[in-house]
Structures are given as structure tokens and as C-alpha cells.
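Colleague: I've got this one open and I'd like some practice reading it. Can you take me through a few features?

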Amino acid sequence: MKPLPSKDEIRQWIIDNPGLSAKRDIAKAFGIKGDARIELKHLLRELESEGVVEKTSRRFREAGTLPPVAVLQVLPPDKAGDLYATPLEEGIEDAPRILIIPKKGDPALGGGDRILARLAKVDLDDYVYEARLIRRLGSNPRKVLGVFRVGSEGGRIVPVEKGSDKEWRVAADMAMGARDGELVEAEAVGARRMGLPAARVVARLGDPAGPRAASLIAIHQHGIPDAFPDAVMAEADRAEPVGMKGREDLRGLPLVTIDPVDARDRDDAVLAEADADPGNPGGFILWVAIADVAHYVTPGSALDREARKRGNSTYFPDRVVPMLPDILSGDLCSLHEGVDRACLAVRMVIDAGGHKRSHRFVRGMMRSVASLHYAQVQAAVDGAPDAATAPLLEPVLKPLYAAYAALTRAREVRQPLDLDLPERKIELDEEGRVVSVAFKDRLDAHKLIEEFMILANVAAAEELIRLKRSLLFRVHEEPSPLKLDSLREVAEGAGLTLAKGQVLQTRHLNRLLAQAEGTEFDELINISTLRSMTQAYYHPENFGHFGLALQNYAHFTSPIRRYSDLIVHRALISAHGWGKDGLSVWDEENLEETGKLISEAERRSMAAERDTTDRYLAAYLADRVGAEFAGRISGVQRFGLFVRLDETGADGLIPVRALGREFFHYDEGSQTLMGSDTGLTLGIGQKVTVRLAEAVPVTGGLILELLAVEGSVLKPARRQGGKYQPRKPAQAAAKRRLVRKRR
């Protein structure tokens, strides 16, 4: 057997061969085979513990040195015009001086640019490394969104971010021709010295009330992080495809992804097969494979800290603010067709009634046979397959639908809350203007994926409970007694009943919804039931999921866009001993705080998405001021009525002063406004005809005038000086006394 090299020989070889420093490269160089590899592993660990070498990813390098290829941040040119850079490597103290050596054809670089470069150690007096450009990654300066105001020497930017009173100075040659009052996107330039910080305009977005500005304003107002820090981008840029080691090979399974037609990230793939076990007649084997984000986003890394801060991806009609950089979310983690992708997968066996009999989790490697979209899959099953779905119809798609039919039978027994609340779809043109507003179709293809994901989430929660591991549950508690009393009062007012005096279950609410279905009170009961619900959240204690009628539930299926799912993946990795990238001690100690942070981030995203939708709808309707619309009362407050328009689903306000020539009393218990003269009662769910009086895109506000209630034409309130003049309570009372006296 060839003798092992000394520590000095190994160290020198690593220095001389920085590009070939993985353990297998070292073993090959010294002819180390078989059991001797274990001894080499011990030697490398000793060198690492002595501080002679350090391990990064799966490679070794001399301690305190940089890798042969690194991500650098370019510094401003010095007095001689030379460009130097600083490394964006973590753990590098006293960053060495790096001179950038340009070659013919390289793009011009400037301070703030991020580059991937090949390094050579030179140990000169002025600098330690020379860098040669591989590619520019772009700069990542601080972004500013605001209204541009022209000044004598350029201008200022007044940020739209709520609560910010700091303005930015823009030099005349950095204004990009911006006009006074325009919404602009800018980036910080240079170091702040005296006075206002400096910025340069990088995009003119036009009218602040225009549709292109809607999501940007929401991002800034709600404080949603939309620019990744340099350290995060550097980690993402270093990511590489995963190898097979330690993984189960699932590439022979015909897994498919089914997503929206415009999906960029694909984090779940599915498969169903008839179970050949004679003991399970009519049963199925289901596979749900999920992107292995935990391999790339490891505990405590810059990517991890940023993902935890963001909590989730935020979706707008014109853009997505992702939880992870696109190189991961849209590429390396995404389960694209025909490429090997790392995954965590669960194999589930269900019986003919759709009940799960068993499950098994694996860490594997898969290869999707097709990237499909919902309408495409539905059309194929309905008899109109295309070139992509035709060969998959019999072996893949029909078994999926057969398994879904079984899961539907189990759902009918379980009876989760069955609300009918259509989701709006806003379509934009290339300039970002709304061209149509419609309601999304709810196809069986959507419901199929939803049921598969729910079952996988249940399996993940049950697996970690069985293994006594910490995790974050998705919690949805039952409604409070006060909210149930309000719902019961609304139901009784509509002539319907909600059971009282028993432990509330979702089947009781479904019975109420079924009573209202097809009647004039359908939307009223659906909206009122939704408003009686508590908000779901994440917590390390298991309080169950009321809405889904499930005791054990955790989010496992979307780690690309939800941090909660990443925590569950790490817990599964730790529980099964699949690697060192599982749940860390810090993760476990801070689970409750993490649950609180990401629950708040979820609510923040929902508010930003809702505000953006409102702005888009207001912009869409701005040209139709004065038009009449049909709608239903969706909310009642002391100050007026909220009406949801049938055509677009947009919500507008009818101020109480605009309701008519009488005083309206507000009853909080019944959620109604009642006219003091006519007794006209206005409540949730009533059909109304309204006129659009005002649309304000910058705020998303719609002001409406009430014309008719369920066919009764009203006399509008009198206007004086352009304002509504409702009758005052004293005037209304005096009129009633006069009427009684005349009688």
C-alpha cells in the first residue's frame, strides 16, 4: 500500500492546485485508495482543526486564502484609474487587495459592479491577488422609489415609502430627463458627505397614478424587501447542480408538474398509479416530489437569513418579489422538464375511499417528463389533448384524475369548509395597463393539485410528530363565540339557521352555505362566513386546522416561495439523517419567533397584493366615471357602505352622506344602516345599482353613488358646493313629528 502523504505535502498540494482541491482530487493525486481514504479524511480534519486549511462546500483551501474563482465587488477607480475589488466571501477578515486585470473585449466596469473572476495569488506590495473577469453579475445598489421634483441644479426625489421623510438629491446629469411630478426609480450613488444623499434616476415610471407604479408603491409602502443583498447574490451565484450521492433515484418515475401557464418556479411534481396490492383494491400509490431547497439554503447562511426575513414570495399582476434569487427559484431548484433536480418526495398509499394508509419520505433525484399548465391538462382529460399531453393522457393524466376522484370521496366525508369565493384575474398589456378583469376558472386540474398537496402536507406533519421532531404547524383555530353569534344573527335575518349549543364543526357551516346556495343570500352568507374565520398562522404547537378539518397539518409543498416549508424540509432531513443541512439548534430554539415573523410577512404580502389589485382596478375604471354598475353590498360601517361590483369584483365606498335625503342609523350587531324616515334597511348581500363617482388610481379608491336597491329607485342626496348634504338627525326627527301631527 502506498504510504500516506504528510500534512505538509497535502497543504502544499492544495496551495499549488487550488482548482482541484476536493477530497477525491487529493486522493487521486497521491494514489490513495480503499480504506486509506478514511485515513486521508482524518488528516484533512486535523489540518482543518489546526487552522492550516479550511473547507468551503466540498473543497479545501489554504486558510485565509481565496478560492481560484470568486465573486467580487468592484471598488471605485483610484487616482491612477486602476480598478480594485473586494471579495464577497463570508469569513474573510482583513480582505486582501485585488487588482482587476482587464483584457480586450471586457465590458467597462465601475464601482459597485459585482463580477465573477478568476484569481491568481501574486503577493506584491500593492496587492495580493490579480483578478481576470469571467462575467459581470451586475451591481446591487440601494433602490429608491419616489416622485421627482425639479430643482435649480437637478432635482430631488420625494420617496413614496410610508413614514419616510428623507429626500434624495439628483444631479442634473443623473436625472435621465425626468419631469416634475413623475414617479421614478433611482439608485444611491457615492458615499454620503454633507446634506442630502445622492441618487441617480434609472427608470422613469410616468404618472404616479399610472398602473405601472401600482406594485412598486405597494412594495415600498409595506416594506417588502425587493433587492437582494450582495452576500445573498454571491451565495446564489456559487450554487451548482446537486449530485446523486445519498439520494434515491426517482428519475424513472413519470412525474409531471402542473402550474399556471405563466409560472416561472415549479416546486411540486405529482404522479399516481393504481396500487397492485390485492389487499388494497381500487387503491392508488401517489407520489408528490418537492424541490430540495434545503440543499441550497442552509441554516445561518446569507440566503437563509434573507429568506427568513422575506418569509414568502409576493405576487403582483405585473411582477413577483421572490423569496429566493432567480438563479435558485427559477432555475436550480425549479423542477423543469427533462432535467435532473434534487427533491424531497413522499410516496403515499391511499385506499379506494381516498384515505391515506401509509407514507414514506425520501431524499431523491427526479426528472420531470413534462411541464404542463392547468387548462392544458383539463383540456386533455376533457377530450382535446395537444402534442404535449396526448402521449401522457393514458399513462399519467387519467390515473391522476382517478386518484383525485378517490381523494374527493375522502374530502366529502371530512367536510372541510366549502366557501365559494371566486378569485380575480387581472390581465395586463406589455405597457402594464389593465386590458381585462375576469374571475379565474376553478378547474378539476386545480382541485387535483390542491388535494395532492394537502395530503402531502398531512403526511409531513404526521411523520415529524411520529419521529418527535420540532416543526412549524400551519394553524387555523376555530371562530370565536362572538363572531359566531354575529354570523348566526346574519343567517337568521336571511331566514337560515346555524346550529347552536354544540361543538362547532365545518360541516355545520357547510350546511349553512348549502342552504344559501342559489338564493339571493348566497354571497351574503359566503362573505359573512369568511369574516367569521380567524386568520391562519405558523406555530410550533399543534392547534389543528379548523378550515381544512384536519388535526395535523404543516406546509411542506412550496419551499421555493414559503420559508415555513423550508423549516419542515430541514426537520425531515434531520429526522432521517439525510445530511448536515437539516434543522439547526438555532432553528429549533427560535421556532416560535420564526413562526411569528413569517406569519407577519404573510399578512404584509397579502395587504400589498390587495392594495395593488385595488390600484389596478381603479386605473381600469378611471375612464368609466359616470357609468352605472350592478353590485352587492359587501360591508357596512357607520361611515357608509362597501359595494362589490359584479363585473370586476372591485370594492367601492358609498359614503353615508350620499345614501339619500334622510339620516341613517348604524346597527353594529346586524351590520345594517336604516333610514330614519323611510325605514329603508341596507345590509350585506343586497343587490344594488350604483354610479361610479370617482376613481383614484394612486390610492386604489372608488367612490360610488347609490341609485337603486333591489329594483327600488332612490332619490339621491342633495349636493351643495359639490358635496353631499344628508339630513341631520334633528331635522329627521322634526320631520317625523310633523308627519305624526298631520296624521
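Colleague: Leaving aside neighbours within four places in sequence, which residues is glutamine 376 in contact with?

Modeller: Keep in mind that this is a predicted model. In it, glutamine 376 touches Ser371, Asp386, Ala388 and Thr389, once residues within four places in sequence are set aside. Glutamine 376 belongs to helix α8, residues 374–381. A polar atom of the glutamine 376 side chain also lies 3.1 Å from the backbone nitrogen of histidine 373.

Colleague: Does glutamine 376 count as buried or exposed, and why?

Modeller: Buried, because its relative accessibility is 12% and the cut-off for buried is under 20%.

Colleague: Now the sheets. What order do the strands β29, β30 and β31 take?

Modeller: In general, strands of a sheet pair through backbone hydrogen bonds, either parallel or antiparallel. Here, the order is β29-β30-β31 in an open sheet with antiparallel pairing. The edges are β29 (664–667) and β31 (681–683), each pairing on one side only. On average, neighbouring strands in this sheet are turned by 20 degrees against each other, direction ignored. Between β30 (residues 672–675) and β31 there are 3 bridges, and methionine 674 sits opposite threonine 681 in β31.

Colleague: And how many residues are in the largest nonpolar core?

Modeller: The general idea is that nonpolar side chains tend to be buried together in soluble globular proteins. In this case, the largest core has 94 residues, and Leu328 and Phe452 are among those with the most contacts inside it. Helix α10 (residues 444–466) supplies the largest share of this core, 11 residues. A second, separate core has 48 residues, including Ala214 and Leu706.

Terms used:
Residues are numbered from 1 along each chain as its sequence is written. This is a predicted model: local features need pLDDT of at least 70, side-chain atom pairs count only at pLDDT 80 or more; totals for chains, interfaces and linings use all residues. Side-chain values use heavy atoms; hydrogens and water are left out. Helices (H or I, at least four residues) and strands (E, at least two) are DSSP runs, numbered from the N terminus. Buried means under 20% relative accessible area, exposed over 50%, partly exposed in between (1.4 Å probe, protein chains only). A polar contact is a pair of N or O atoms within 3.5 Å; within protein, one must be able to donate a hydrogen and the other to accept it, and residues adjacent in sequence count only if both atoms are side-chain atoms. Contact means heavy atoms within 4.5 Å. Two strands pair if DSSP finds at least two bridges between them. Axes are lines fitted to C-alpha atoms, for helices over the stretch in contact, and angles run from 0 to 180 degrees between N-to-C directions. A nonpolar core is a set of buried Ala, Val, Leu, Ile, Met, Phe, Trp, Tyr and Cys residues joined through side-chain atoms within 4.5 Å.
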